[in-house]
Each structure stands twice: as C-alpha cells, then as structure tokens.
Amino acid sequence: MGSVRKASAWLGLVDDNDDERYYDDDYSEGTDSGDAWVTDPRVKVASDTAEEKGRRIGTVTPDSFRDARAIGELFREGVPVIMNLTAMEAGDAKRVVDFAAGLIFGLRGSIERVSTRVFLLTPSNTEIVNGDPAARRTDGFFNQS
C-alpha cells in the first residue's frame, strides 16, 4: 500500500481493504465464455473491409518447402505475397522460388526481388509502383537548386 493510501486509510477517508482492491469477482466465479482470446471487434471490421476492397498483403516466412502451400493459397486468392526466405536453407529457398515462378506463370502475375531472399509476388490485377528518389524529381518538391 502506498504512503498516500496509508495516510488516507488512517484518516478514515478510504477503506483499509488492501486485498479487495485488486480482486475482481468476474474471474473468481469462472465466467469463462469459452473463447481463449477475444479481440477488439474493430479489428474484425478493419480486416473485413480490407478483404472486401482487396487491400490485403500476405507475408510468409517459410521454414521448409512444406510451407510453400501457404504462399500458393494466398496468391490464388489474388493476395500479393511477400516471401521472406531468410530462415531457409539455400536448397529449399531455391525450390520455393521455383514454386513461386510456377505460380506467377500459371496465374499471370509477377515477381520482384525486394532484398536478399525476400520476394514480392503480385497477381495480374496489381500494379507495382516504384518511387523515384527525391534527387531526380523535377516538380520542385525538395529541389535545392
């Protein structure tokens, strides 16, 4: 108990029931609804809206070639996928890239290397926009000359 609380209890301004302050009756009665984890309902609304408007991007970090199925399932749904192959051995990573190349060819998508062992797979209805460095811009924004 803090010193202010002790002084308030000594003066009779608050109850001196230190144990009851932190006790919640909802937990003691076992009113478990069966859900192990309940998320904020706004999260579901945001994910539903993103799915409706096609604003989803999947990220997959496979450990082995068996995880390639998750990449294929997302890509078949029309979701752009970022493949992070840094956790894989070189042989398995090559197999996953070959698998992704087959996906791209079969579904008319595209693949772009983002960094070492990280690739972006985009469906045919997705446009990749590359940003120009600020030094090359001619519209006067951040132009120091």
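Modeller: Contact here means heavy atoms within 4.5 Å. The model is a predicted one.

Colleague: Which residue makes a polar contact with the side chain of T122?

Modeller: T122 has its place in strand β4. Beyond four places in sequence, T122 touches F75, P80, G109, S110 and I128. One of these contacts is polar and joins two side chains at 2.5 Å; the partner of T122 is S110.

Colleague: Is T122 buried or exposed?

Modeller: The cut-off for the buried class is under 20% relative accessible area. T122 has a relative accessibility of 2%, so this residue counts as buried.

Colleague: Where do the buried residues of α5 fall, seen down the axis of the helix?

Modeller: The buried residues in α5 are A68, I71, G72 and F75. Viewed down the helix axis, they fall within an arc of 95°, and therefore they line one face of α5. In general, an α-helix has 3.6 residues a turn, so residues three or four places apart point the same way. Among the elements covering the buried residues of α5 are β1 (58–60), β2, α6 and β4.

Colleague: Which element gives the largest share of the largest nonpolar core?

Modeller: This core has 14 residues, and I71, F75, V81, M83, L85, V96 and L121 have the most contacts inside it. Two or more residues each come from α5 (68–76), β2 (81–84), α6 (90–106) and β4 (118–122). I71, for instance, touches V60, P62, V81, M83, V96, L103 and L121, leaving aside residues up to four places away in sequence. The largest share, five residues, is that of α6.

Colleague: Which strands stand at the edges of the sheet?

Modeller: The sheet is open, with four strands in the order β1-β2-β4-β3 and mixed pairing. A strand with a single partner has one side left without a neighbour in the sheet, so the edge strands are β1 and β3 (110–115).

Colleague: What angle does the direction of α5 make with that of β2?

Modeller: Within the sheet, neighbouring strands are turned by 20° against each other on average, direction ignored. α5 packs on this sheet and touches β1, β2 and β4; the angle between the directions of α5 and β2 is about 165°.

Colleague: Which residue in β4 stands opposite R113?

Modeller: β3 and β4 pair over five bridges in the antiparallel sense. Opposite R113, the residue in β4 is F119.

Methods: Residues are numbered from 1 along each chain as its sequence is written. This is a predicted model: local features need pLDDT of at least 70, side-chain atom pairs count only at pLDDT 80 or more; totals for chains, interfaces and linings use all residues. Side-chain values use heavy atoms; hydrogens and water are left out. A nonpolar core is a set of buried Ala, Val, Leu, Ile, Met, Phe, Trp, Tyr and Cys residues joined through side-chain atoms within 4.5 Å. Buried means under 20% relative accessible area, exposed over 50%, partly exposed in between (1.4 Å probe, protein chains only). A polar contact is a pair of N or O atoms within 3.5 Å; within protein, one must be able to donate a hydrogen and the other to accept it, and residues adjacent in sequence count only if both atoms are side-chain atoms. The arc is that of the directions from the helix axis to the C-beta atoms. Two strands pair if DSSP finds at least two bridges between them. Axes are lines fitted to C-alpha atoms, for helices over the stretch in contact, and angles run from 0 to 180 degrees between N-to-C directions.
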